[in-house]
Amino acid sequence: MANKERNNLELLVKALMLVAIIIFLWWLLIAEKDNHVSVEVDDGINITPEQIQSIRDIGQWEFLSISNEELVDTVRKGLFSDDQLVRIYYGTLRLGIDLSKTKKNWISAHGDTVVVKLPKVGLLDKEFIDETRTKAFYESGRWTARDREALYRKARRQMLSHALTKQNLKTAEANAEDHVRQMMKTMGFNNITVTFEK
Amino acid sequence: MFFYYSQMTKTTKTILLSALIALVAGCSGSDGEGQGEQSAYQSVDTVPMLIMQIQKCSRLYTTEMKIHKIVTHDDVVKLQGQLLKQNIDIKLPMGDRKVAIPIDATLKAYIDFSDFSERNIERTTDGKITILLPDPKVELTSSKVNQQEIRSFVGIVRSRFTDEEMTRYEQQGREAIIQSIPRLGIVDMAKASAARTLIPMVKQMGYREENITIAYRKDFKPFDIRKFLEVRSEK
């Protein structure tokens, strides 16, 4: 009799354990749907202040803007394979006249006649590469700050040779003359002479 | 092919010949320039220079502002997710990377004279002149990454910063500088600076300094007009 009761109790415990296991597995299966683990890396930069280093008045009159993209690369020969760094640099060369270079009485007006003597058209700013727009195109191997600096200088040379041509300077000068003439006409002058310093 | 050609009717032959002639004409006679290139076998190296865009303009840059910014990035690797309805956010050991990139940027404010016309000038009979100028615009004209001063720290289980990652952080730094332009007050400085540049010019044209006024006209964009209309309608 006692044996039978014990058997019944064991059976009940086993049934309860089975039910508990089934419930646990069911819960696990339900919970399984929401399970996800991934490795996360933050790709944004931190918030840092912008410091104004200098402010100055300038008088640079731009008449031709040459936007440039240059693909520049450098190769380092290795024993088994070559290392290569390829970047795309962006820059805008601005051609025009620097009003700080004008001479005294560069505008002389008498009645409806005006004579304007402008300084030579040239590159307004020697710093024209927007290096923070640079795109990394290809990189193999390890490259130092000096290598990147050399690449920047190479891009600068290429942009100068492509954009600072006689033709572009001539176009800028012609456009400068047109705009100054138009401006003087707007100011009420009828006889306008525009010349450039040699 | 010749067998099939001989078997064709006269009309089919005519159509086929016409199509062949048209095809040959289309390939060879599109333009003289292309023909010249083909005959001379000239090859042009277009790899070094991708795009060069030339644009005529008339912009008077009046103010230059030099900005310095140190772009920093903390690269922490975390194991994130959900396991058995429990949120997981574990920082992986020795997986930190840090980089600081010093950037120098030049901002320039300019007055666009491209559409300067009689509408911008108001003259009175008593010798007074008012020049109406459009609002100055600001442009990031150049930027330079101080490569020598870049500092980076890389955890033992992490790889170094790649060129692609570095340029991405630099681009974000550039965007942050552009976003900060309204706070820098360069537009107001440019307005005063433009007056300092233009008044001596107009003086040389025969006007007395006290008779010269430089005023600014806001260039209303469709968005501004809509805003204006919305305000008016609310009232």
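This is a predicted model: local features need pLDDT of at least 70, side-chain atom pairs count only at pLDDT 80 or more; totals for chains, interfaces and linings use all residues.
Visitor: How many Å separate the C-alpha atoms of Val13(A) and Ala174(A)?
Guide: Along the chain, these two residues are 161 residues apart.

Visitor: Into which domains is chain A divided, and what separates their centres?
Guide: Chain A has domain 1, spanning 1–31, and domain 2, spanning 60–196. Taken over C-alpha atoms, the centres of domain 1 and domain 2 of chain A are separated by 84 Å.

Visitor: How many bridges join strand 2 of chain B to strand 3 of chain B?
Guide: Strand 2 of chain B holds residues 77–83 and runs antiparallel to strand 3 of chain B. One pair to look for is Gln82(B) with its bridge partner Asn87(B) in strand 3. The number of bridges joining the two strands is six.

Visitor: Which residue stands opposite Gly81(B), across from strand 2 of chain B?
Guide: Here we look at strand 1 of chain A, which pairs with strand 2 of chain B in the antiparallel sense over six bridges. In this pairing, His36(A) stands opposite Gln82(B). Opposite Gly81(B) stands Val37(A).

Visitor: How many buried residues does strand 1 of chain A have?
Guide: To be buried, a residue needs 20 or more other C-beta atoms within 10 Å of its own. Strand 1 of chain A has six residues and is hardly covered. Its count of buried residues is zero.

Visitor: Why does Gly81(B) count as partly exposed?
Guide: Gly81(B) lies in strand 2 of chain B. Leaving out residues up to four places away in sequence, Gly81(B) touches His36(A), Val37(A), Ser38(A) and Ile88(B). Buried starts at 20 neighbours and exposed ends at 12, with partly exposed in between. Gly81(B) has 17 C-beta neighbours inside 10 Å, and therefore counts as partly exposed.

Visitor: Which strand of chain B gives the most to the side that touches chain A?
Guide: The contact takes 78 residues from chain B and 69 residues from chain A. On the chain B side, several elements each supply at least two residues, including strand 2, helix 4 (163–184) and helix 5 (186–204). That side divides into 33 nonpolar, 28 polar and 17 charged residues. With 27 residues, the element of chain B that gives the most is strand 1.

Visitor: What percentage of the residues in chain B are buried?
Guide: The secondary structure of chain B comes to six helices and nine strands. Among its contacts between residues at least 6 apart in sequence, 79% join residues at least 24 apart. Of the 235 residues in chain B, the buried share is 19%.

Methods
Residues are numbered from 1 along each chain as its sequence is written. Chains are lettered from A and ligands numbered from 1 in the order in which they are written. Domain bounds come from an automatic or database domain assignment. Two strands pair if DSSP finds at least two bridges between them. Helices (H or I, at least four residues) and strands (E, at least two) are DSSP runs, numbered from the N terminus. Two residues are in contact if their C-beta atoms, placed from the backbone, lie within 7 Å. Ala, Val, Leu, Ile, Met, Phe, Trp, Tyr, Cys and Pro count as nonpolar, Asp, Glu, Lys and Arg as charged, and the others, Gly among them, as polar.
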